[in-house]
Amino acid sequence: MTPLLEAPLQTALRPIHIGNVYIETPLTLAPMAGQTNHAFRTVCREMGDCGLVCTELISSQAIHYKSKKTWHMFDWTEAERPFAVQLFGSDPAMMAEAAKLVADHGADIVDINMGCWVPKVVKKGGGAALLGDICTATMVVEAVVRAVDVPVTVKVRSGLDPEHITAIEFAKAAEQSGVKAIAVHGRTASQGFTGKANWDIIRQVKDAVSIPVIGNGDVKNAEDAAQMLAETGCDGVMIGRAALGYPWLFHEIAHEIRTGEKLPAPSASKRAAIAIRHAQLSVESSTIGERQTIYELRGQLTKYHLGVPGAAAVREKLVFAETLADVEAILTPYL
Ligand SMILES: Cc1cc2nc3c(=O)[nH]c(=O)nc-3n(C[C@H](O)[C@H](O)[C@H](O)COP(=O)(O)O)c2cc1C
């Protein structure tokens with residue numbers, strides 16, 4: 001079978017170091033609000049070759065005010081290591097305090113969100129709003145770097161809008177402030193999820209800094225990942241939406257890039273088994289009760305496409321699941 005990359009590029013999936021954290025396979029799970037909780041992060045790690053996982057964004061302000069809901073996001077376990085905890089906020093002192101707290105609670109890496117464009121984050125000056133204010137952004141980064149011993153990373157979008165492409169300038173400033181890696185989503189904040197990610201910005205960031213650069217945006221398979229690595233020279237690839245309901249993706253991509261061989265898609269039985277495992281882990285680690293956990297999980301469970309006749313009916317049933325026993329009863333016939 002033909003390798004995806006020319007011979008010299010086949011080593012493109014080499015391990016990386018983010019500060020003192022060793023990442024065996026540089027394919028990472030993107031932070032996704034409401035999705036990348038303990039259960040999903042664990043499942044991604046268990047399926048192999050997901051080199052680094054990240055929590056969803058956590059508000060530094062909510063940590064400061066000890067919001068009970070936010071404490072529920074401190075749900076990480078040893079099995080996930082190495083893992084990053086993503087924080088957002090624009091107050092340097094509050095961000096430093098939150099960073100220290102999550103590092104003391106075991107985070108391997110503290111990641112700063114500079115890409116989230118949802119109003120509740122941007123209105124308070126956090127997330128993508130920082131992309132328009134390099135002064136505050138630098139103060140936040142410096143305060144966080146000073147506060148913790150673990151490596152600090154930053155996740156940015158390419159800029160605020162097409163007229164303000166700031167990722168390159170930000171990456172340089174972040175490196176100077178002591179950031180150990182930067183993830184670049186090749187869309188502007190104003191784009192939301194529309195249009196295509198511009199990978200050329202990732203290449204420009206890679207050319208501008210010496211810390212590892214993780215490319216992100218629209219990677220759905222090994223061809224995309226290989227193309228991103230080859231076109232941009234990035235050190236790692238971060239994957240978000242395509243991994244939802246498909247935690248096998250990291251191993252499939254790594255295997256295909258390393259060997260040129262495409263792995264067969266997982267069987268319906270494997271998909272059902274992992275969907276059940278995902279639900280079990282969610283309930284086991286839940287602090288909000290089984291029913292609420294299953295309600296919140298329904299969307300994720302329906303993303304495990306079984307790919308067999310009757311799969312649509314399974315999804316319709318999962319939408320009404322209320323307990324773990326319901327989920328198991330719906331999926332067990334496919335094991
Ligand atoms: C449901 C959802 C939630 C997200 N939440 C976050 C988040 O909490 N923090 C963050 O930096 N990016 C967040 N993102 C953006 C992703 O991390 C990623 O940058 C984006 O989805 C592009 O990558 P993809 O094309 O591989 O999905 C989110 C994306 C989605 C789809």
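I take a residue as buried when its relative accessible area is under 20%. The model I am reading is a predicted one.

**Entry 1: cysteines**

I applied that cut-off to Cys54 first. Its relative accessible area is 6%, so Cys54 is buried. I then looked up Cys116, which has a relative accessible area of 13% and is therefore buried.

For the record, a disulfide is a covalent bond between the sulfur atoms of two cysteines. I checked the sulfur distances for both residues. From the sulfur of Cys54, the closest cysteine sulfur belongs to Cys50 and is 11 Å away, which is too far for a bond. For Cys116 the closest cysteine sulfur is that of Cys54, at 13 Å, again too far for a bond.

**Entry 2: aromatic rings**

I searched the whole structure for aromatic pairs and found six. I noted the distance of the centres and the angle of the planes, because these describe a pair of aromatic rings.

I took Trp76 and Phe83 to begin with. Their ring centres are 5.4 Å apart and their planes meet at 35°, so I logged the pair as tilted. Both Trp76 and Phe83 are buried. The two also belong to a cluster linked by ring pairs, together with Trp71 and Phe74.

Arg157 lies over the face of Phe193, 5.5 Å from the ring centre.

**Entry 3: the ligand**

Which residues are closest to the ligand? I listed Pro31, Gln86, Asn216, Asp218 and Arg241, out of 16 residues that surround the ligand. I sorted this shell by residue type and got seven nonpolar, six polar and three charged residues.

I then went through contacts to oxygen atoms of the ligand. In Asn216, an N or O atom of the side chain is 2.6 Å from a ligand oxygen. Pro31 uses a backbone N or O atom, and the distance to a ligand oxygen is 2.7 Å. Leu57 also places a backbone N or O atom by a ligand oxygen, at 3.1 Å.

On its own the ligand has 610 Å² of accessible area, and the protein covers 87% of that.

Methods. Residues are numbered from 1 along each chain as its sequence is written. This is a predicted model: local features need pLDDT of at least 70, side-chain atom pairs count only at pLDDT 80 or more; totals for chains, interfaces and linings use all residues. Side-chain values use heavy atoms; hydrogens and water are left out. A residue is near a molecule or strand if one of its heavy atoms lies within 4 Å of it. A polar contact is a pair of N or O atoms within 3.5 Å; within protein, one must be able to donate a hydrogen and the other to accept it, and residues adjacent in sequence count only if both atoms are side-chain atoms. Accessible areas come from the Shrake-Rupley method with a 1.4 Å probe; for residues, only the protein chains shown count as cover. Ala, Val, Leu, Ile, Met, Phe, Trp, Tyr, Cys and Pro count as nonpolar, Asp, Glu, Lys and Arg as charged, and the others, Gly among them, as polar. Rings of Phe, Tyr and Trp (its six-membered ring) pair if their centres lie within 6.5 Å; planes under 30 degrees apart count as stacked, over 60 as edge-to-face and the rest as tilted. Buried means under 20% relative accessible area, exposed over 50%, partly exposed in between (1.4 Å probe, protein chains only). A charge sits over a ring if NZ of Lys or CZ of Arg is within 6 Å of the ring centre and within 35 degrees of the ring normal. A disulfide is a pair of cysteine sulfur atoms within 2.5 Å.
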